[in-house]
Amino acid sequence: MHVVVTYESKTGNTEKAAHLVAKGLAKAGATVSTFSINNVDYGALAKADVVIVGTWCGGLFFFGQHPGGAGKIAGELPDLWDKATFAFVSYAHNPGKAADKLGEILEAMGSVNLGVGTIHRDKLKDDAAAFVDDVLAEFASA
Ligand SMILES: Cc1cc2nc3c(=O)[nH]c(=O)nc-3n(C[C@H](O)[C@H](O)[C@H](O)COP(=O)(O)O)c2cc1C
């Protein structure tokens with residue numbers, strides 16, 4: 001399975017989460033490439049069976065949560081041509097529905113979004129591992 005993980009990160013949490021997700025999937029046998037949203041390899045994207053997109057949760061902490069990098073993601077990624085995607089956000093206190101909103105944005109770009117995850121910035125390792133388990137479970141059940 002070829003996987004591209006791409007992320008938009010302001011202070012590094014989502015970047016670390018993306019690398020942890022990539023590492024977990026590679027450990028499970030996937031071929032994984034990881035790119036900042038500023039530097040996506042479109043050849044790798046075209047070849048990928050699965051594209052995982054991560055960003056940070058923006059908002060007013062207890063309401064108005066949204067995927068912080070959505071504009072950049074929509075601007076930098078091409079149409080996703082029925083690609084399978086997963087979305088995740090890193091967050092500090094309460095991600096609200098930011099991850100679901102990111103999934104909807106990816107679907108509006110043409111993907112089939114198969115799942116979303118939230119990764120707390122103080123629990124990057126554990127939450128990234130849980131997200132990897134969800135991604136793998138989705139494929140095991142397909
Ligand atoms: C302007 C701004 C708004 C934020 N709003 C929320 C929020 O509503 N809920 C939340 O849980 N975290 C919120 N955060 C925290 C970030 O989502 C969190 O620190 C995230 O891990 C940052 O990711 P990054 O290091 O990849 O930029 C906000 C951060 C910023 C800068």
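Visitor: Which exposed residues sit on the face of α5 turned away from its buried side?

Guide: Happy to show you, and note that this is a predicted model, where local features need pLDDT of at least 70, side-chain atom pairs count only at pLDDT 80 or more, and totals for chains, interfaces and linings use all residues. Residues are numbered from 1 along each chain as its sequence is written, and side-chain values use heavy atoms, leaving out hydrogens and water. Exposed means over 50% relative accessible area, buried under 20%, and partly exposed in between (1.4 Å probe, protein chains only). On that face of α5 the exposed residues are K125, D126 and A140.

Visitor: Within what arc do the buried residues of α5 fall?

Guide: The buried residues of α5 are L124, D127, A128, F131, V132 and V135. Looking down the helix axis, they line one face, because the arc (taken from the directions from the axis to the C-beta atoms) that holds them is 145°.

Visitor: How far apart are the end C-alpha atoms of helix α5?

Guide: Helices here are DSSP runs of H or I with at least four residues, and strands are runs of E with at least two, numbered from the N terminus. The expected span is 1.5 Å times one less than the number of residues. For the 17 residues of α5 (residues 124-140) that should give 24 Å, which agrees with the end-to-end distance of 24 Å.
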